[in-house]
Amino acid sequence: MNSKGLKTGLSALALCVAFGGLVEGVAVAGERSAAQMAAAARDDAAKASKALAKRNAGEAVRYAELAVAMQPQSAEYRALLGQAYLLAGRFGSASTALNDSLSLSPGEGKVALNLALAQIADGDWQGARRTLDANSGAISISDRGLALALAGDPAAAVDLMLPVARQPGADAKLRQNLALSLALAGRWQDAKIVASMDLSPTETDQRLQDWAAFARPTGRADQVAALLGVSPANDPGQPVALALNAPAPVAVAAVAPTPVVVEAPAPAPVVAAVVSAPAPVADPMVLPKPAVSGVVFAPRAEVVQPLPVKAVKPAVGIVPVKSRNFVKPPVAAITTPGASKVSVGKGNFFVQLGAYDSAGVARDGWARASRAFSGYVPQGMPVTVAGKTYYRLSVGGFDEAGAKRMCSNYRAKGGRCFVRAGAGDKAAAWAKK
């Protein structure tokens with residue numbers, strides 16, 4: 001982290017620059033009607049959103065700050081500003097903006113999760129746990145569990161996620177977040193068992209190596225920064241003019257502009273948000289995803305993408321909070337019948353396509369993969385890990401070389417698979433003779 005002296009020196013310059021933009025915005029606001037100010041705020045918010053999509057942290061922060069200056073009581077604009085600060089690696093400012101947003105509109109799961117992550121990165125683990133607890137009904141078990149582990153309580157995270165992971169319908173996202181929490185709790189063998197349910201042996205070993213580095217951060221913000229795919233930055237704090245308790249711009253009739261003299265404002269105390277626990281709701285939250293692969297915060301998928309070992313450090317700006325989805329294009333995108341047919345011989349090797357919650361879910365997986373394996377009979381077998389039964393889907397009965405060629409061909413088309421020896425695989429019950 002940056003030294004206190006460096007932070008103080010840069011803060012003075014950053015505040016001058018920020019206030020220059022904000023003073024101009026407030027002065028102009030005094031000459032606009034309320035409708036004009038609202039329209040200007042919408043325009044600035046739209047520009048901030050576009051900057052986020054383009055991974056331009058500086059532009060995102062600048063326009064989001066202007067939007068908040070115009071409409072300081074907008075929870076939506078303050079949440080957008082919090083996202084911009086996260087993108088820029090300014091976790092203290094993100095905590096302030098997201099806290100303000102949540103105080104204006106309690107119960108927003110996405111905002112609450114982002115606030116907890118910002119608090120963790122800023123070293124406020126106790127505050128992060130309070131945020132997660134107060135908003136437990138609005139944050140998914142998977143996201144809340146991993147955030148709890150990052151907030152210094154991996155044992156509680158495991159206790160939260162393990163019962164859900166054993167239930168029908170548990171997905172790969174939950175299992176992988178559980179596996180990482182087990183690793184952070186020091187239960188590496190258990191972590192390996194759970195992670196291997198969705199990954200090949202080679203991928204499992206690589207993931208555990210990544211997690212070993214992840215579990216040994218050198219700075220308080222390193223883990224969250226790696227998770228979000230950003231680099232921690234010097235943070236002068238949110239401009240005082242944007243404090244939630246600051247007076248809002250006054251809308252008056254348009255008049256001729258007069259010179260405005262603005263003195264440097266004295267620091268104002270930050271008002272802590274009062275976060276109330278919302279009524280239980282479904283788990284709608286999908287973390288704004290990093291631009292690089294991270295711990296999965298995404299819809300149901302059979303395969304999870306790997307966690308980066310370190311934060312990305314681009315030459316200009318910061319890689320934003322992930323705006324893309326975490327799931328690779330579905331296998332259904334492979335539309336060429338028989339595309340994976342290659343020369344194979346008979347043997348005891350299988351191409352495993354996934355591990356599913358049940359045979360019924362595996363059948364859905366085969367429906368997506370069958371175009372790439374036209375003419376082959378789907379194989380299946382149940383396997384039990386930690387008291388939970390899964391259903392492995394594969395095609396096989398090949399020699400080793402042929403199975404490897406088939407899997408390689410399938411991967412080249414966008415699929416995911418690995419080769420293993422037979423383990424009691426039999427033709428799936430739904431397979432046509």
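The model is predicted, so local features need pLDDT of at least 70 and side-chain atom pairs count only at pLDDT 80 or more, while totals for chains, interfaces and linings use all residues. Residues are numbered from 1 along each chain as its sequence is written, and side-chain values use heavy atoms, with hydrogens and water left out.

The chain holds 15 helices and five strands; here helices (H or I, at least four residues) and strands (E, at least two) are DSSP runs, numbered from the N terminus. Of the 433 residues, 48% are buried, where buried means under 20% relative accessible area, exposed means over 50%, and partly exposed lies in between (1.4 Å probe, protein chains only). Among contacts (heavy atoms within 4.5 Å) with a separation of 6 or more, 73% link residues 24 or more positions apart.

Helix α6 is mostly covered, with twelve of its 13 residues buried, including Gly109, Leu113, Asn114, Leu117 and Gln119. The cover over these buried residues includes α4 (75–87), α5 (91–104), α7 (125–134), α8 (141–150) and α13 (222–228). Just after α6, Gly123 takes a positive phi of about 90 degrees. Arg55 sits in the loop between α2 (34–53) and α3, and its 44% relative accessibility makes it partly exposed.

A nonpolar core is a set of buried Ala, Val, Leu, Ile, Met, Phe, Trp, Tyr and Cys residues joined through side-chain atoms within 4.5 Å. The largest such core has 75 residues, and Phe91 and Leu117 touch the most other members. Helix α3 (residues 57–70) gives the largest share of this core, ten residues. Beyond its neighbours within four places in sequence, Phe91 contacts residues including Leu86, Ala118, Ala121, Val224 and Pro232. A second, separate core of 20 residues includes Tyr356, Trp366, Met406 and Trp430.

Turning to the strands, two strands pair if DSSP finds at least two bridges between them. Strand β1 (residues 346–356) runs antiparallel to strand β3 (residues 388–398), and eight bridges join them; Val351 has Val395 in β3 as its bridge partner. Strand β2 (residues 379–385) also pairs with β3 in the antiparallel sense, over seven bridges, and here Val383 is partnered by Tyr390 of β3.

Finally, one disulfide is found in the whole structure, a disulfide being a pair of cysteine sulfur atoms within 2.5 Å. This disulfide joins Cys407 to Cys417, with an S to S distance of 2.1 Å. Cys407 lies in helix α15 (residues 400–412) and Cys417 in the loop between α15 and β4 (418–421), so the pair ties together parts that are ten residues apart in sequence. The torsion about the S-S bond is about 115 degrees, so the disulfide is right-handed. Both Cys407 and Cys417 are buried.
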